[in-house]
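Please load the model in a viewer and keep the selection panel at hand. The stops below proceed from one selection to the next.

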Amino acid sequence: MGDQLTEFLTGFVTPRRLARLEQMLEDRTRHVAVVLEDVRHPHNVSACLRTCDGFGVQDVHVIENDTGFSLSRKVALGAAQWLTIVRHNAAGGKTRGCFEALRRDGYRIMALAPGAGESVYEYDP
């Protein structure tokens, strides 16, 4: 079904546009994953998702300890549909479970918090 639908829909775009879409998908990365923990405002979550989409980051992990995952559709502008969003909301160990899953997948954990006096530019991934 998916291949038939894709074939059908490609008939509605120009070959140039299709090549651009395929190149954008090719350029997506899984070398970096973004983790959001208890982001309280849907506008902020949505802005983060748009930024991830813009930078080509495919995977976003959302940890829901105290705050549930909620989007502002006006801010997200559809970015969530292009990302792989993994929600960590099971009872107990949500943060730990997320980090354990990321480590199993070969990621190194780097964390920044507002007001910590450090910048993402100080890290060499």
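With which residue does Arg87 form a salt bridge? Select Arg87 together with Glu64: these two form the salt bridge, and their closest N and O atoms are 3.0 Å apart. A salt bridge here is a side-chain nitrogen of Lys or Arg within 4 Å of a carboxyl oxygen of Asp or Glu. Arg87 lies in strand 3 (residues 84–88) and Glu64 in the loop between strand 2 and helix 4 (73–76), so the pair ties together parts that are 23 residues apart in sequence. Glu64 is buried at 8% relative accessibility, whereas Arg87, at 43%, is partly exposed. Buried means under 20% relative accessible area, exposed over 50%, and partly exposed in between (1.4 Å probe, protein chains only). Helices (H or I, at least four residues) and strands (E, at least two) are DSSP runs, numbered from the N terminus.

The model is predicted: local features need pLDDT of at least 70 and side-chain atom pairs count only at pLDDT 80 or more, while totals for chains, interfaces and linings use all residues. Residues are numbered from 1 along each chain as its sequence is written, and side-chain values use heavy atoms, with hydrogens and water left out.

The structure holds three salt bridges. For another, select Arg30 and Asp59, whose side chains meet at 2.7 Å, N to O. Asp59 lies in strand 2 and Arg30 in strand 1, so this pair joins parts that are 29 residues apart in sequence. Asp59 is buried, with a relative accessible area of 9%.

Next, display strand 1 (residues 29–37) and strand 2 (residues 57–63), which pair in the parallel sense over six bridges; pairing requires that DSSP find at least two bridges between the strands. Between them the chain passes through helix 3 (residues 42–55), and this β-α-β crossover is right-handed, that is, the path from the first strand over the helix to the second runs clockwise with the strands pointing away from the viewer. Within the strand pair, Ala33 stands opposite Asp59.

Then select Arg28 and Asp53, a salt bridge of 2.3 Å, N to O. Arg28 is in the loop between helix 2 (15–26) and strand 1, and Asp53 is in helix 3, 25 residues apart. Asp53 is partly exposed at 24% relative accessibility.

Finally, select Val60 and the residues around it. Leaving aside neighbours within four places in sequence, Val60 is in contact (heavy atoms within 4.5 Å) with residues including Val34, Leu36, Leu49 and Ile85.
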